[in-house]
Amino acid sequence: MSQNALFSRKSKKSIAYAIGLAALVIVGFFSLFFASLSVFKTVELERAEGRAKLYHSTLVSALERLEHLPFIVAQDPAIVRALSGGGLKGVNSRLEDFAKRSKAEAIYVMDQNGWTIAASNYAEDVNFLGKNYGFRPYFKDAMSGVRGEFFAIGATTFTPGFFVSNTVRDDQGNAIGVVALKVALSELTGAWAASGDDILVTNNSGITVFATSNEWRYRATTRLSEVQMLEINKMQQFGKQELKPLDWKLGANNEVQLNGTNYLYANISVQRRGWTLWYIKSTSGIFERTWFVIILATIVIAMMGIAFVTIRSNQLRRALSASHDDRQKLRVEIEERKATEMRLEQTQSELARTSKLAALGQLAASVTHELGQPISAMRNYLAAEQIGNGYKPGGLIDHLTGVVKRMENITKELKFFSLPGDARTEQIAINDLVDGALELTQHDLLSQKINVNLSIPQSLPLIEGNRQRLEQVLVNLIRNALAAMKDSTTRKLQISVSADQDRLNINVRDTGHGLNGQTIEQLQEPFHTNKPSGEGMGLGLAISAAIVREHRGHLSTMDHETGAEFTIELPLVKD
């Protein structure tokens, strides 16, 4: 073989190697490019989803912050009286005070026909007085018996807001008007715009109700039919806005084109309102980062391939860490919201119980006043008959005396319940408090042969309160324990006291039949009792719990295998 032929073969082989290497580089280049693009898109989508959840949480919090206020205002006697024809004196200023304290833009009251008769902005040049909003869906919903919610541009102020309404009912339960409030969301949208993120919120018709860019606001992302336009104009939801179409084209893989710019999006449905929150992020940044990786990879591969892997791994870790931090923040906000809702529910339950006890107090005062003198007279007549010559033991007189005694036992709790609490307090030694309660119940303890076990340290700190009322709490718990142990073979009453930091705990435990699974909330409900008829009305624990709360304390209970244990927690005297 000639030298020229050998050289020609080597040249062809070199060219083939070069072509193969070039093809491999090109394939690797494109593979790296699309792989980098996919990774950055995935990371950006994860981040977008986290940001969308965060903004969704802030939006829902802003919309629901005052959602219960119209219901509360609708219960105000002054509002009910005004809608019943009782006059509007002081109603406007009252609504103004409500609005200032709740930071609502406006609170107003409408009659059955939608005419505004009172408003918190009555003193402003532009106010709602005399305006008719009967065409608004939130008014119609409230008059039909459901809470109304509606976003619209104000027909009077021409400023956007979220409206919440509730029905006002008279004493017969008839709908006589509507209370509505307007929540301004300018602070929320301003904060969104200041964050630098791009956000849109569309309603069920595809119209943007919120947007970080003024160019996107009140534009239609879908084609609106004539029927939709007529309905929107009828409700005057968007005022004089033309609702021009927005250059919005949804694509595959969470991509959207807006005004000629490509974005990645993450969307979340805003429940109950038919809205959708869109968090969009321009894809230009993704491509910039992808090209950066390609250039960097080319340089690093030429020098050292391993460097590229390390840098890329670090970038991925940072992106994933940022996404994880966003999710953690969202979890914290959700937990805080749950805790707030729980506190609100507890406050509402406490308010309902307090109202019930106040009503019972008035009823108790009336009953004890009306029955006190007749029962006393009956007792005197029966005593006179017993002294007389015709008295026979075990006869009708003794039976009537027993009936009168049962009536006195029933009114005894009512009489205590109707008396106002004594506000005078003093520093009390717990030993004296327990001794006083045992002295008052000594006869019952001895007659039932109760084994009393005391565990009270001698050097306990003092507590502050009304000694007589606290003694009555202990007496009530001891008597309840005696009633529970009435049919028990083992009758043991244990009273122990302990101090824990700034609290004093008094435990009263018996060996009776226990609580049968009942909670302290059930036990302290008025008229809840397990005693036979005539031996009590079920007000003892309700009274005791009220007295403990007066002393900034807490009454709790625990059911044991044999018997029950009640614990009184009271604050110690601070130096």
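This is a predicted model: local features need pLDDT of at least 70, side-chain atom pairs count only at pLDDT 80 or more; totals for chains, interfaces and linings use all residues.
How many helices and strands does the secondary structure of the protein chain come to? I counted 15 helices and 18 strands.

**Whole chain**

I looked up burial next. Of the 575 residues in the protein chain, 40% are buried. The chain exposes about 32,900 Å², and carbon and sulfur atoms supply 54% of that area. Residues 24 or more positions apart account for 61% of them.

**Surface patch**

I found a nonpolar patch on the surface, formed by Ile26, Phe29, Phe30, Phe34, Phe287 and Trp291. Together these residues have about 590 Å² of accessible area. Helix H1 (3-64) and helix H8 (284-303) each supply at least two residues of the patch. H1 gives the most, with four residues. I picked out Phe30, which lies in H1. Why is Phe30 classed as partly exposed? Its relative accessible area is 44%, and partly exposed covers the range between under 20% for buried and over 50% for exposed.

**Five-stranded sheet**

I traced an open sheet with the strand order E2-E1-E5-E4-E3 and antiparallel pairing. Strand E2 (116-119) and strand E3 (148-153) are the edge strands, each pairing on one side only. From one strand to the next, the twist averages 25°.

Strand E4 (residues 160-169) and strand E5 (residues 175-183) pair in the antiparallel sense over eight bridges. Phe162 stands opposite Val183 in E5.

Last, I asked what lies across E1 and E2. Helix H4 (residues 91-102) does, running at about 140° to strand E1 (106-111).

Definitions and conventions. Residues are numbered from 1 along each chain as its sequence is written. Side-chain values use heavy atoms; hydrogens and water are left out. Patches are made of residues with over 30% relative accessible area and no salt bridge: like charges are joined within 9 Å, nonpolar side chains (Val, Leu, Ile, Met, Phe, Trp, Tyr) within 5 Å. Accessible areas come from the Shrake-Rupley method with a 1.4 Å probe; for residues, only the protein chains shown count as cover. A salt bridge is a side-chain nitrogen of Lys or Arg within 4 Å of a carboxyl oxygen of Asp or Glu. Buried means under 20% relative accessible area, exposed over 50%, partly exposed in between (1.4 Å probe, protein chains only). Contact means heavy atoms within 4.5 Å. Two strands pair if DSSP finds at least two bridges between them. Axes are lines fitted to C-alpha atoms, for helices over the stretch in contact, and angles run from 0 to 180 degrees between N-to-C directions.
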